[in-house]
Amino acid sequence: MQNAKLQVEGMSCGHCVNSIEGAVKQIGASAKVDLAGKSVTVQFDESKVTLDAIKEAIEDQGYDVV
């Protein structure tokens, strides 16, 4: 399993947390959102999903991965 911490702009509430964590879970990874730190820590299996796919899933929800 791989871990990565992504800086994400535009998150401000519980809905943001649910949107991001749900989108990442849908593609086969897990995410923990830190609103105060403007970050998302993801855990994923590289043989099943790429970091780029995770970033895309977050951006598809309307947030900016920086």
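Q: How far is the sulfur of cysteine 13 from the closest cysteine sulfur?
A: The distance is 3.6 Å, to the sulfur of cysteine 16, and that is too far for a bond. A disulfide here is a pair of cysteine sulfur atoms within 2.5 Å. This is a predicted model, in which local features need pLDDT of at least 70 and side-chain atom pairs count only at pLDDT 80 or more, while totals for chains, interfaces and linings use all residues. Residues are numbered from 1 along each chain as its sequence is written, and side-chain values use heavy atoms, with hydrogens and water left out.

Q: How many disulfides, then?
A: By that rule, zero disulfides.

Q: Cysteine 16, buried or exposed?
A: Cysteine 16 is buried, at 5% relative accessible area. Cysteine 13 is partly exposed, at 32%. The cut-offs are under 20% for buried and over 50% for exposed, with partly exposed in between (1.4 Å probe, protein chains only).

Q: New topic. What is the strand order in the sheet?
A: The order is E2-E3-E1-E4, an open sheet of four strands with antiparallel pairing. Strands E2 (30-34) and E4 (64-65) stand at the edges with a single partner strand each, so one side of each has no neighbour in the sheet. Strands (E, at least two residues) and helices (H or I, at least four) are DSSP runs, numbered from the N terminus. Two strands pair if DSSP finds at least two bridges between them.

Q: How many bridges between E1 and E3?
A: Six bridges, in the antiparallel sense, with E1 covering residues 2-9. Leucine 6 has valine 40 in E3 as its bridge partner.

Q: What does valine 40 touch?
A: Leaving out residues up to four places away in sequence, its contacts include Ala4, Leu6, Val8, Ile20, Ala31 and Ile58. Contact means heavy atoms within 4.5 Å.

Q: How many residues are in the largest nonpolar core?
A: The largest nonpolar core has 19 residues, and Val8, Ile20, Val40, Val42, Ile54 and Ile58 are those with the most contacts inside it. E1, H1, E2, E3 and H2 each supply at least two residues of this core. H1 gives the largest share, four residues. Such a core is a set of buried Ala, Val, Leu, Ile, Met, Phe, Trp, Tyr and Cys residues joined through side-chain atoms within 4.5 Å.

Q: Where does H1 lie?
A: H1 (residues 14-26) lies across E1, E2 and E3, at about 160° to E2. H2 (residues 51-60) lies across E1, E3 and E4, at about 30° to E1. Axes are lines fitted to C-alpha atoms, for helices over the stretch in contact, and angles run from 0 to 180 degrees between N-to-C directions.

Q: Which residues of H2 are buried?
A: Ile54, Ala57 and Ile58. They sit on the same side of H2, because they cover an arc of only 95° around the axis, taken from the directions from the helix axis to the C-beta atoms. They pack against E1, H1, E3 and E4. The face turned away carries the exposed residues Asp52 and Asp60.

Q: And what follows H2?
A: Glycine 62, with a positive phi near 100°.

Q: What about phi of lysine 38?
A: It is near 50°, positive in a residue other than glycine. Most residues other than glycine have a negative phi. Lysine 38 lies in the loop between E2 and E3, and at 42% relative accessibility it counts as partly exposed.

Q: Serine 39, buried or exposed?
A: Buried, at 1% relative accessibility. Serine 39 lies in strand E3 (residues 39-44).
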